[in-house]
Amino acid sequence: MRLTRTLALAATAAAALCIGAVIPAAAATSPDNGSDVPTFQEFAASTFRDVDGSYIVNGDEVISNRGELRKFYDVLVGPATPIDGLIVNTVSGTDDKWSAQQVGNLTYCVSTAFGTRHADVVNAMASGAALWEAASSKIKFQYVSSADGNCTTRNKSVVFSVEPVQTTQYIARAFFPSTPDRQQNVLIDDSIWSSGSWTPTNILGHELGHVLGFRHEHTRPESGTCFEDNNWRPLTPYDSASIMHYPQCNGSSDDLSMTSTDRAGIVALYGN
Ligand SMILES: [Zn+2]
């Protein structure tokens with residue numbers, strides 16, 4: 001049962017994550033345009049919309065609204081420019097990162113709506129955060145338990161909220177430093193507790209990598225698949241075993257664990 005569940009999740013993740021590979025397939029069944037690329041309307045209609053109305057792209061990354069989705073689409077269908085060699089997200093060519101002060105106090109709450117799993121989520125968040133905190137003394141995720149009873153994106157006493165979600169689209173999803181306040185949350189589906197060799201600690205470590213500004217390592221040309229876009233800057237040489245590299249995208253690790261290259265990458269962006 002557990003194996004079946006795991007395989008089903010992996011298949012779902014692979015389909016949802018590799019959006020660059022999905023586009024040609026969509027085009028093949030598109031009767032109303034003659035090109036190899038779906039129209040924006042087709043792309044938008046086929047993009048999963050989350051519980052808060054945002055769009056989910058690249059498997060677990062949030063886009064606020066249709067205007068932002070249009071920009072994402074334009075980059076996706078534009079000319080691909082391979083860039084040579086962890087990678088940081090960029091917005092209009094600028095690193096998408098926290099200030100030195102903010103990254104040393106990234107406060108969060110864990111919603112009591114997790115119920116009997118609340119303590120498990122608190123522990124997994126702490127151990128996922130610890131992966132990055134151990135790599136750089138500049139990083140500090142601060143759990144604020146007093147906000148747990150009102151743990152939503154509207155709670156201004158914390159930078160972000162950690163909330164449960166029920167979806168078959170992803171195991172968990174996060175946000176980037178540039179994401180608007182109203183969408184700065186980490187959403188976690190119950191499947192996090194049955195994801196085989198991907199431990200909750202490593203899954204949340206991956207999501208917190210996005211929170212710190214890191215993109216999926218498999219968008220780099222060296223992976224040969226799962227291309228997303230070129231809005232990023234390399235911090236290290238390509239690392240097929242990175243915590244930010246999905247195993248099913250020609251990755252060389254099967255457990256999403258953190259590598260020494262990941263630790264070098266965060267030092268390169270935020271300091272030691
Ligand atoms: Zn991700």
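Reader: Which residues of helix α8 are buried?
Author: In this predicted model, the buried residues of α8, which spans residues 260-270, are Asp262, Gly265, Ile266, Leu269 and Tyr270.

Reader: What puts these residues on the same side of α8?
Author: Seen around the helix axis, they cover an arc of only 105°, which means that they lie on the same side of α8.

Reader: What do the buried residues of α8 pack against?
Author: They pack against β3 (87-91), α5 (100-103) and α6. Past the end of α8 comes Gly271, with a positive phi near 100°.

Reader: Why is Tyr108 called buried?
Author: A residue counts as buried when 20 or more other C-beta atoms lie within 10 Å of its own. Tyr108 has 23 other C-beta atoms within 10 Å, and is therefore buried. Tyr108 belongs to strand β5.

Reader: Which residues does Tyr108 touch, leaving out those up to four places away in sequence?
Author: Phe141, Tyr143, Val144, Val158, Val159, Phe160, Ser161 and Val162. The C-alpha atoms of Tyr108 and Gln142 are separated by 6.3 Å, although these two residues are 34 residues apart along the chain.

Reader: Which residues have the most contacts inside the largest nonpolar core?
Author: Tyr108, Val162 and Ala172, in a core of 54 residues. Helix α6 (residues 118-135) gives this core its largest share, six residues.

Reader: How do you know that β8 and β9 pair?
Author: Pairing requires at least two bridges between the strands. β8 and β9 (residues 185-188) have two bridges, so they pair, and the sense is antiparallel. Ala172 has Ile188 of β9 as its bridge partner. Beyond its neighbours within four places in sequence, the contacts of Ala172 include Asp60, Val186, Leu187, Ile203 and Glu207.

Reader: What makes β6 and β8 edge strands?
Author: Their sheet is open and has five strands in the order β6-β5-β7-β9-β8. β6 (141-143) and β8 (172-173) each pair on one side only, which is what places them at the edges.

Reader: What makes β7 a mostly covered strand?
Author: Four of the five residues of β7 are buried.

Reader: Which strands does α6 lie across?
Author: α6 lies across β5 (106-110), β6, β7 (160-164) and β9. The direction of α6 is at about 160° to β6.

Reader: Why are β4 and β10 placed at the edges of their sheet?
Author: This open sheet has three strands in the order β4-β3-β10, with antiparallel pairing. β4 (94-95) and β10 (232-234) each have a single partner strand, so one side of each has no neighbour in the sheet.

Reader: How do you know that β3 and β4 pair?
Author: The cut-off is at least two bridges. Two bridges join β3 to β4, so the pair meets it, and the strands run antiparallel. Within this pair, Val91 stands opposite Thr94 of β4.

Reader: How many helices and strands does the protein have, and what percentage of its residues is buried?
Author: There are eight helices and 10 strands. Of the 272 residues, 40% are buried.

Conventions. Residues are numbered from 1 along each chain as its sequence is written. This is a predicted model: local features need pLDDT of at least 70, side-chain atom pairs count only at pLDDT 80 or more; totals for chains, interfaces and linings use all residues. A nonpolar core is a set of buried Ala, Val, Leu, Ile, Met, Phe, Trp, Tyr and Cys residues joined through C-beta atoms within 7 Å. A residue is buried if 20 or more other C-beta atoms lie within 10 Å of its own, exposed if 12 or fewer, and partly exposed in between; C-beta atoms are placed from the backbone. Two residues are in contact if their C-beta atoms, placed from the backbone, lie within 7 Å. Axes are lines fitted to C-alpha atoms, for helices over the stretch in contact, and angles run from 0 to 180 degrees between N-to-C directions. The arc is that of the directions from the helix axis to the C-beta atoms.
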